[in-house]
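Please look over the sequence and the model first, then read the points below.

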Amino acid sequence: MSSVLHQLMAVLEDRKVNPPPNSYTARLYAGGDAKIGSKITEEAHELLEAAGESGDQGRRHLIYESSDVIYHLLVLLAFHG
C-alpha cells in the first residue's frame, strides 16, 4: 500500500478513536453502515455519470468522483477495523 494510503488510513483510524467535533469522517462513523453505505452509493452513481463525460473536464470530474468513492470505501473498511 502506498504511503499516502497508509497516512490516510492512520487518519481514519484516529478519527474513529478520537472523533473531532466537526469531523465529516466522525459523522460518517456515527451513522454506521447505513450512512457510509449511502454515501458510497451516492458517490458511485456520480462516478458513473462522470464516466460518460468527455474531454479534459470530464476526465477531471471522473478523477474527482473516483477519489470520493475510494475515500468512502476506506472509511467503511476502517469502520469495520
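This is a predicted model: local features need pLDDT of at least 70, side-chain atom pairs count only at pLDDT 80 or more; totals for chains, interfaces and linings use all residues.

**A bent helix and a buried histidine**

H72 is a residue of helix α3.

**Shape of helix α2**
- Helix α2 takes in residues 24-51, and its end C-alpha atoms are only 26 Å apart.
- A straight helix of 28 residues, at 1.5 Å a residue, would span 40 Å.
- Helix α2 has a kink of about 125 degrees, and the kink is centred on G32.
- At the start of α2, the backbone nitrogen of T25 has a side-chain oxygen of S23 within 3.3 Å.

**Buried residues of helix α2**
- The buried residues of α2 are T25, A26, L28, Y29, G32, I36, K39, I40, E43 and A50.

- H72 counts as buried because its relative accessibility is 3%, and the cut-off for buried is under 20%.
- Apart from neighbours within four places in sequence, H72 is in contact with Y24, L28, I36, K39, I40 and E43.
- Between H72 and I40 there are 32 residues of separation in sequence, yet their C-alpha atoms are 5.8 Å apart in space.
- The side chain of H72 also reaches the backbone oxygen of D68, at 2.7 Å.

Technical notes: Residues are numbered from 1 along each chain as its sequence is written. Side-chain values use heavy atoms; hydrogens and water are left out. Helices (H or I, at least four residues) and strands (E, at least two) are DSSP runs, numbered from the N terminus. The expected span of a helix is 1.5 Å times one less than its number of residues. The bend at a residue is the angle between axes fitted to the seven residues ending there and the seven starting there. Buried means under 20% relative accessible area, exposed over 50%, partly exposed in between (1.4 Å probe, protein chains only). A polar contact is a pair of N or O atoms within 3.5 Å; within protein, one must be able to donate a hydrogen and the other to accept it, and residues adjacent in sequence count only if both atoms are side-chain atoms. Contact means heavy atoms within 4.5 Å.
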